[in-house]
Amino acid sequence: MSILKVARMGHPVLRAKARALDTGDLKSAAVQKLIDDMIETMVEYHGVGLAAPQVHQGLRIFVASLDVEDEDKHDSDPQPIALVNPEISVVGSDVVEDWEGCLSIPDVRGRVPRAREIRLRAIDRNGERLELRAHDFPARVMQHETDHLDGVLFFDRMRSFESLTFLDEYSRYWAKD
Ligand SMILES: [Zn+2]
C-alpha cells in the first residue's frame, strides 16, 4: 500500500464531477489498490473520510472511518469502509450546524449546516449493494465526502464565513473538550 498525495483547494480535480464505477471497474486490481491506498492515506493524515478526487482520481468512491452499523455498539472501533457510487437521501427536515475540516483545506475549520439524518445507498468494494442510515456526525461525514464527488467543498455549504478559523485558533477558542 502507499500513502497518496492529497490534492489541495485550487486543484481543478476538486471541482470536477467524478464518474460512477461499474462492477467491472471494481474487479480491477488498480481500483482495489486505490481503495487500500485511500484508507492508508486517510489513516496517515488522521482524516475521518477521504474521497477519490482528493487523491487526484475522478471516481465516485469515498472511504470513511465511521461506526454507522448500530448505535448500541459503542465500544467497537470504527472500521474504515469504502463506499462506491453513493446516493444520499435526506431523512426528515432537521438541519444542524457544526464544525468541519477537510484534508484538502489544511488547518482550517468552519461551521457547516448539514441534514441531521440521511439514508445512503451505495455499493461496497465488492460490488454488493448496501444501504446505511446515519445521523449526526457520521451523516455529516458522508454528506461532506459525497459532495467531493460533485466538486463541492465545505466552504460552498457555509451560511457565512464568520466562523472560519485556523486550526490553532480553533483549538484555542472553539474546540469542545
Ligand atoms: Zn473534504
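Q: Is Asp147 buried or exposed?
A: Asp147 is buried, its relative accessible area being 9%, where buried means under 20% relative accessible area, exposed over 50% and partly exposed in between, with a 1.4 Å probe and protein chains only. This is a predicted model, in which local features need pLDDT of at least 70, side-chain atom pairs count only at pLDDT 80 or more, and totals for chains, interfaces and linings use all residues. Residues are numbered from 1 along each chain as its sequence is written, and side-chain values use heavy atoms, with hydrogens and water left out.

Q: Which helix does Asp147 lie in?
A: Asp147 belongs to helix H3, residues 137-149; helices (H or I, at least four residues) and strands (E, at least two) are DSSP runs numbered from the N terminus.

Q: And what is Asp147 in contact with, leaving aside its neighbours within four places in sequence?
A: With those neighbours left aside, Asp147 is in contact (heavy atoms within 4.5 Å) with Arg114, Val152 and Arg157. The side chains of Asp147 and Arg114 are also joined by a polar contact of 2.8 Å; that term stands for a pair of N or O atoms within 3.5 Å, where within protein one must be able to donate a hydrogen and the other to accept it, and residues adjacent in sequence count only if both atoms are side-chain atoms.

Q: Which residues coordinate the zinc ion?
A: Cys102 through SG, His144 through NE2 and His148 through NE2 coordinate the zinc ion, at 2.0 to 2.2 Å. Donors here are N, O and S atoms within 2.8 Å of the metal (3.2 Å for Na, K and Ca), and sites may look incomplete because water is not among the atoms. Along the chain, the spacing of the zinc donors is C-x41-H-x3-H.

Q: Why are His144 and His148 separated by about one helical turn?
A: His144 and His148 are about one helical turn apart because they are four residues apart in helix H3. Both His144 and His148 are buried.

Q: Switching to the strands, how many residues of S2 are buried?
A: Five of the five residues of strand S2 (residues 61-65) are buried, so S2 is largely enclosed by the rest of the structure. Ile61, Val63 and Ser65 point one way from the strand, while Phe62 and Ala64 point the other way.

Q: What does S2 pair with?
A: S2 runs antiparallel to strand S1 (residues 49-51), with three bridges between them, and antiparallel to strand S3 (residues 80-102), with five bridges; two strands pair if DSSP finds at least two bridges between them. Phe62 in S2 stands opposite Ala51, and its bridge partner in S3 is Leu83.

Q: Which members of the largest nonpolar core touch the most others?
A: In that core of 17 residues they are Leu21, Leu26, Ile35, Met38, Ile61 and Val63, a nonpolar core being a set of buried Ala, Val, Leu, Ile, Met, Phe, Trp, Tyr and Cys residues joined through side-chain atoms within 4.5 Å. H2, S2 and S3 each supply at least two residues of this core, and H2 gives the most, with six residues.

Q: Last topic: where is His46 found, and what about its phi?
A: His46 is found in the loop between helix H2 (29-44) and S1, and its phi is near 60°, a positive value in a residue other than glycine. His46 is exposed, with a relative accessible area of 73%.
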